[in-house]
Amino acid sequence: MRKPSALMVCCALTLTLVGCTTSEQADSERVKQPQVTETERPAETPAEAPTDKEDKAVEEAPAPEAEPPAEEKPDVEEEPTAEAPAEEEPTQTPNEPLEQNGTANLNLDTLILVNKQIALPAGYQPPDLVTANIDFVDTATGERRMLRQEAARAIEKLMAGAKAANIDLKGTSAFRSYDYQVQLFNNYVARDGKEQAMKYSAPPGHSEHQTGLAIDVSSASVGYQLTQSLEQTKEGKWLADNAHIYGFIVRYQRAYEAETGYMFEPWHLRYIGVEHATAVHKANVPLERYLEQLMD
Ligand SMILES: [Zn+2]
């Protein structure tokens with residue numbers, strides 16, 4: 001009889017405790033901002049009479065365009081010098097007069113001032129017109145799709161920014177030659193009389209569109225018309241809130257009507273560069289007044 005001598009019992013009891021980490025997905029309530037939180041600007045404060053004029057002039061006078069804006073050289077670099085800031089602006093010295101011999105001072109370059117009183121030199125044609133690569137309404141053809149190079153690039157960025165925010169805009173009219181403005185203005189005068197026409201159009205030589213730095217834009221929501229009701233649309237509000245980021249100002253504001261002589265034009269954008277546009281937007285003053293303070 002043999003009995004199994006060795007009885008080996010192996011008991012392995014492993015208790016594995018599996019820790020359950022309940023990774024609670026804290027649903028961090030993300031406050032989604034619907035790209036535009038439009039705080040409608042109330043009527044601008046008209047009372048910036050005595051104080052701010054001097055303050056502004058002092059601060060802003062010395063360095064008009066000293067630092068390179070964030071959006072420098074995205075594609076084409078054309079600066080010959082290595083350390084030149086993105087937009088060299090050699091001509092923008094303070095104390096430069098806004099007009100010379102009664103005509104606009106071309107040396108001011110993208111800050112040029114053209115208005116009811118100050119005209120462009122006879123036959124002025126911008127030096128560097130290019131076609132802006134953006135969506136235009138069909139009626140805008142040929143040179144009416146053109147802007148000065150810097151402004152053209154800027155409006156392309158603005159339109160890209162708009163698209164990204166689901167804002168639908170198209171250009172309706174950019175550059176206008178002197179001759180074109182002659183026709184346009186004469187048509188308006190024939191239709192509405194000169195006094196009326198002067199409120200929404202410019203006599204030849206006095207249109208910002210002739211500088212190659214202005215563009216009218218509109219949206220499908222108002223049938224791409226140039227109408228003040230653009231202001232009420234999300235596109236118009238987006239423009240009012242964001243144009244300066246791309247270097248444009250809404251040039252003719254409701255609050256400046258008396259000062260500029262123009263009716264409110266929520267569609268008319270004027271390029272003056274990011275730095276200045278941002279300053280104008282913040283100060284909420286007409287370009288005329290901003291430039292006077294800057295040049296003081
Ligand atoms: Zn316009």
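Predicted model: local features only at pLDDT ≥ 70, side-chain atom pairs only at ≥ 80, totals over all residues.
1. Residues are numbered from 1 along each chain as its sequence is written, and side-chain values use heavy atoms, with hydrogens and water left out.

2. Is E208 buried or exposed? With a relative accessible area of 1%, E208 is buried (buried means under 20% relative accessible area, exposed over 50%, partly exposed in between, with a 1.4 Å probe and protein chains only). Its side chain makes a polar contact with the side chain of R251 at 2.7 Å and another with the side chain of R270 at 2.8 Å. A polar contact here is a pair of N or O atoms within 3.5 Å; within protein, one must be able to donate a hydrogen and the other to accept it, and residues adjacent in sequence count only if both atoms are side-chain atoms.

3. Next comes the metal. H209 (NE2), D216 (OD) and H268 (ND1) coordinate the zinc ion at 2.0 to 2.1 Å, and these donors follow the spacing H-x6-D-x51-H along the chain. Donors are N, O and S atoms within 2.8 Å of the metal (3.2 Å for Na, K and Ca); water is not among the atoms, so sites may look incomplete. H209 counts as buried at 3% relative accessibility, and D216 does too, at 2%.

4. Strand β6 (residues 214-218) deserves a look of its own. Five of its five residues are buried, so β6 is largely enclosed by the rest of the structure. A214, D216 and S218 lie on one side, I215 and V217 on the other.

5. What are the neighbours of β6? Strand β5 (residues 170-173) pairs with β6 in the antiparallel sense over three bridges, and V217 is the bridge partner of G171. Strand β8 (residues 268-271) also runs antiparallel to β6, joined by three bridges, with I215 opposite L269. Two strands pair if DSSP finds at least two bridges between them.

Definitions and conventions:
Helix = DSSP H or I, 4+ residues; strand = E, 2+ residues; numbered from the N terminus.
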